[in-house]
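Here are a few friendly notes to read alongside the structure. Take them in order, with the view open beside you.

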Amino acid sequence: MCAANPKIVSGANEITEGYIALSSSYSMESRSSSGGIADALTRYVLSLGGWVVAGCVMEEDGRVCHRLVEDMADAWILQGSKYVQSDVTSGLLNECQVALQSGKKLLFFGTPCQIYGMRSALTAYGDNIIGVDLICHGVPSPLFWEKAFGELVNEGFVNNGKDLLFRHRSAWERDDFSFLNYKRKNKRNNERNAYYSTFLDSSSFRESCYSCKFANAMRPGDLTIGDCATLSNYMEFAPVESASSILVNSVKGGNLLQDALEKGALLVAPFDYEAEIRANAQLHRPSRRPIQRDRIYFDLLEMPYEQFEKKYQTGLSLKKKVKGLVKRFIPLSMRTRIRLLLQRRTK
Ligand SMILES: Cc1cc2nc3c(=O)[nH]c(=O)nc-3n(C[C@H](O)[C@H](O)[C@H](O)COP(=O)(O)OP(=O)(O)OC[C@H]3O[C@@H](n4cnc5c(N)ncnc54)[C@H](O)[C@@H]3O)c2cc1C
Ligand code: SF4
């Protein structure tokens, strides 16, 4: 399903308030990508009963698609950003419709184009749906991911998609953008992987992502979640945590958030959401299309994967190596303390 180029983005709402946020069960070992707020909202509505949650999973064979979760025991499969286009099948939408027809409410997570598409398909049930859109800079094609995942399996890095995370954190790193095998705890730097390198430099996205109609402050979801780009202004709230942002775009979204806050599912502090819109690129413009985008998918199809991998890995620059060394010797907590001291001195 893709609604990346609707002629008019109807039904989108303006952001009215925003918070820096963490799940109240935030932990360094979590499978979540940043503050764990998607998981906190998922678990909150499942605890109420009468709700189902749709979101993105990685299957054992590496396929990335949307699934419906009804039991708390399955909530973990939605955790973690999978940086690839997720398949929202008509079967999944049928399952959502059946749940809605039986009187259940639906919490649906997805990229803004997916939320827009889901709303168009399930218009009749709008009152019982809360859409949560992700701030999104783009997605590479599933074909590229299939090859990249196959390579990670061939190399023995991972053998089950459910064990693979795109992001994690440690005592040295608030936000580590590298692959982690969650079971074995071994990691692969993004600079040593063509898929991850080109995802981060925006050169492998679907063409439609470079002219995304949703990369602005008019949002198709009732709530919007993302990485907090103005985190350094709120160091007291999240000194070492990888905090998220949560933006409220409708009364329905605001009510759900307030209820979740009253039950203690999330920790939040109000923040300057207009500053966040300016700081977080995909709240005001689509990703820029690098010249490398012209060739990458031809090379993917024409080159042996090993050769392709070598050509497109960014590799570790000297600057990054030095930065890595500093991080290894000075834990995040100490670096943060120094930063806070400096911040207070300059005030
Ligand atoms: C493709 C993609 C691009 C993103 N780009 C940005 C960005 O440019 N700036 C920014 O601030 N934040 C971006 N994010 C959001 C960020 O990665 C975190 O999801 C967000 O900060 C919330 O973190 P979390 O810990 O609460 O949730 P997470 O653990 O990340 O989970 C978030 C929810 O997203 C859903 N999800 C995971 N992968 C996908 C997918 N491929 N397609 C659809 N839904 C998915 C899951 O169902 C889960 O419920 C992006 C996310 C994705 C998936
Ligand atoms: S950048 Fe836009 S078009 Fe691309 S996946 Fe994200 S929301 Fe959809």
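This is a predicted model: local features need pLDDT of at least 70, side-chain atom pairs count only at pLDDT 80 or more; totals for chains, interfaces and linings use all residues.

1. Now for the overall form. The C-alpha atoms fill a box of roughly 55 × 55 × 40 Å, taken along the principal axes. The protein chain has a radius of gyration of 20 Å, and a compact globule of 347 residues would come near 20 Å, so the two agree.

2. Next, a look at the inside. Of the 347 residues in the protein chain, 39% are buried. Contacts also reach along the sequence: taking those between residues at least 6 apart, 71% join residues at least 24 apart.

3. Eight strands make up an open sheet with mixed pairing, and their order is 4-3-5-6-11-12-2-13. Which strands stand at the edges? They are strand 4 (64-69) and strand 13 (266-270); each has a single partner strand, so one side of each is left without a neighbour in the sheet. On average, neighbouring strands of this sheet are turned by 25° against each other, direction ignored.

4. Strand 11 (residues 223-227) and strand 12 (residues 244-248) run antiparallel and are joined by five bridges.

How values were computed. Residues are numbered from 1 along each chain as its sequence is written. Chains are lettered from A and ligands numbered from 1 in the order in which they are written. Two strands pair if DSSP finds at least two bridges between them. Helices (H or I, at least four residues) and strands (E, at least two) are DSSP runs, numbered from the N terminus. Axes are lines fitted to C-alpha atoms, for helices over the stretch in contact, and angles run from 0 to 180 degrees between N-to-C directions. The radius of gyration is taken over C-alpha atoms; the globule rule is 2.2 Å times the number of residues to the power 0.38. A residue is buried if 20 or more other C-beta atoms lie within 10 Å of its own, exposed if 12 or fewer, and partly exposed in between; C-beta atoms are placed from the backbone. Two residues are in contact if their C-beta atoms, placed from the backbone, lie within 7 Å.
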